[in-house]
Amino acid sequence: MGFVKVVKNKAYFKRYQVKFRRRREGRTDYYARKQLIFQDKNKYNTPKYRLVVRFSNKDVVCQIAYARIEGDVVVAAAYSHELPHFGVKVGLTNYAAAYATGLLLARRILKKHNLDTHYQGTTEVTGEDFTSEEVPDGPGPFRCFLDVGLARTTTGAKVFAALKGAVDGGLNIPCNNKRFPGYNKEASSYDAKVHRDHIFGLHVANYMKHLQEEDQDAYQKQFSQYIKNGVKADQIEAMYKKAHAAIRANPDGPQAPKKVPKIKKRWTRAKMSMEQRKDRVKQKQNAYIKRLKADGAKGDE
């Protein structure tokens with residue numbers, strides 16, 4: 001078929017329909033979203049939960065959400081900027097931080113639905129595959145589906161770190177190991193040790209040691225926050241192990257004290273109830289009668 005020029009005449013523009021706003025902005029893949037939010041008709045109004053993972057320059061956002069006509073409803077959320085409460089003060093956007101954020105979200109949502117005692121997940125992190133099986137004579141596992149948005153789903157991507165953290169935390173999410181670090185596509189093999197090293201930040205520790213030996217200036221520049229907080233390469237694995245234990249012990253983290261509202265100065269009288277207004281009228285009447293009696297007594301004298 002030869003080249004066909006699109007004639008943009010009046011008929012073309014009369015029939016032109018603009019795309020959805022978030023599609024025009026390049027923020028939503030509606031084809032993928034449709035597959036994620038459509039629920040089976042025989043499940044009626046049962047929510048179809050999604051594990052939403054998003055990355056910014058300084059934060060990792062993990063949310064459990066479901067779709068409604070009015071908009072998405074977020075059931076629980078966890079952010080990597082919460083990790084300093086659990087002992088991780090640096091590297092809040094790397095692979096290990098994404099795993100810890102996914103783990104935090106999993107323990108938080110399970111605690112909210114009273115499932116944390118039934119589904120502990122895996123407490124020994126080895127990088128091996130893990131799935132939360134249904135407990136006999138108990139509630140079923142919390143099932144959701146990974147929503148990566150517009151992120152590229154390459155092997156070793158950080159979105160799968162949050163997925164692995166949520167799965168190890170006790171959520172039931174369909175997945176396999178083909179996109180985790182350590183998977184070799186050519187050999188169709190999976191090395192769980194490589195994945196474990198990424199979960200505990202050992203790839204960062206090895207790079208720190210390499211820079212210390214090869215280029216001290218680059219090390220001072222790239223790992224300035226690690227140096228400032230006194231985090232050394234040999235301490236990274238222990239730091240993440242303590243963070244995982246702290247998350248499992250109390251996923252809510254320390255609660256900020258409630259601020260006592262300041263007493264505002266009023267320039268006008270506060271609004272009174274009906275009983276207060278009637279009582280005020282009686283007080284005025286009694287005061288007036290009392291003043292009249294006092295004036296009468298003075299006149300008699």
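# Close-up views of side-chain contacts and surface patches

**View 1. Asp 147 and Arg 50 are joined by a salt bridge, with 3.0 Å from N to O.** Asp 147 belongs to strand E4 (residues 145–147) and Arg 50 to strand E1, so the pair ties together parts that are 97 residues apart in sequence. Helices (H or I, at least four residues) and strands (E, at least two) are DSSP runs, numbered from the N terminus. A salt bridge is counted when a side-chain nitrogen of Lys or Arg is within 4 Å of a carboxyl oxygen of Asp or Glu. Both Asp 147 and Arg 50 are buried. Buried means under 20% relative accessible area, exposed means over 50%, and partly exposed lies in between (1.4 Å probe, protein chains only). The model is predicted: local features need pLDDT of at least 70, side-chain atom pairs count only at pLDDT 80 or more, and totals for chains, interfaces and linings use all residues. Residues are numbered from 1 along each chain as its sequence is written, and side-chain values use heavy atoms, with hydrogens and water left out.

**View 2. A network of salt bridges links Arg 33, Arg 50, Arg 54, Asp 72 and Asp 147.** By the rule for salt bridges, the count comes to 14. Side chains of opposite charge can pair when their charged atoms come close.

**View 3. Arg 196 and Glu 237 form a salt bridge, their closest N and O atoms being 2.8 Å apart.** Arg 196 is in helix H6 (residues 192–199) and Glu 237 is in helix H10 (residues 236–249), so this pair ties together parts that are 41 residues apart in sequence. Glu 237 is partly exposed, at a relative accessible area of 22%.

**View 4. Arg 27 and Glu 25 form a salt bridge, with the closest N and O atoms 3.1 Å apart.** Arg 27 is partly exposed, with a relative accessible area of 48%. Glu 25 is also partly exposed, its relative accessible area being 40%.

**View 5. Tyr 12 and Tyr 16 form one of eight aromatic pairs.** Rings of Phe, Tyr and Trp (its six-membered ring) pair if their centres lie within 6.5 Å; planes under 30 degrees apart count as stacked, over 60 as edge-to-face and the rest as tilted. The ring centres of Tyr 12 and Tyr 16 are 6.0 Å apart and the planes are at 40°, so the pair is tilted. Tyr 12 is partly exposed, with a relative accessible area of 28%.

**View 6. Tyr 49 and Tyr 66 form an edge-to-face aromatic pair, 5.7 Å centre to centre and with 85° between the planes.** The pair links distant parts of the chain, 17 residues apart: Tyr 49 is in the loop between helix H3 (30–37) and strand E1 (50–55), and Tyr 66 is in strand E2 (residues 60–66). Tyr 49 and Tyr 66 are both buried.

**View 7. Tyr 288, Ile 289 and Leu 292 make a nonpolar surface patch of about 300 Å².** Patches are made of residues with over 30% relative accessible area and no salt bridge: like charges are joined within 9 Å, nonpolar side chains (Val, Leu, Ile, Met, Phe, Trp, Tyr) within 5 Å. Accessible areas come from the Shrake-Rupley method with a 1.4 Å probe; for residues, only the protein chains shown count as cover. Tyr 288 is found in helix H11 (residues 274–300). Tyr 288 is partly exposed, with a relative accessible area of 45%.
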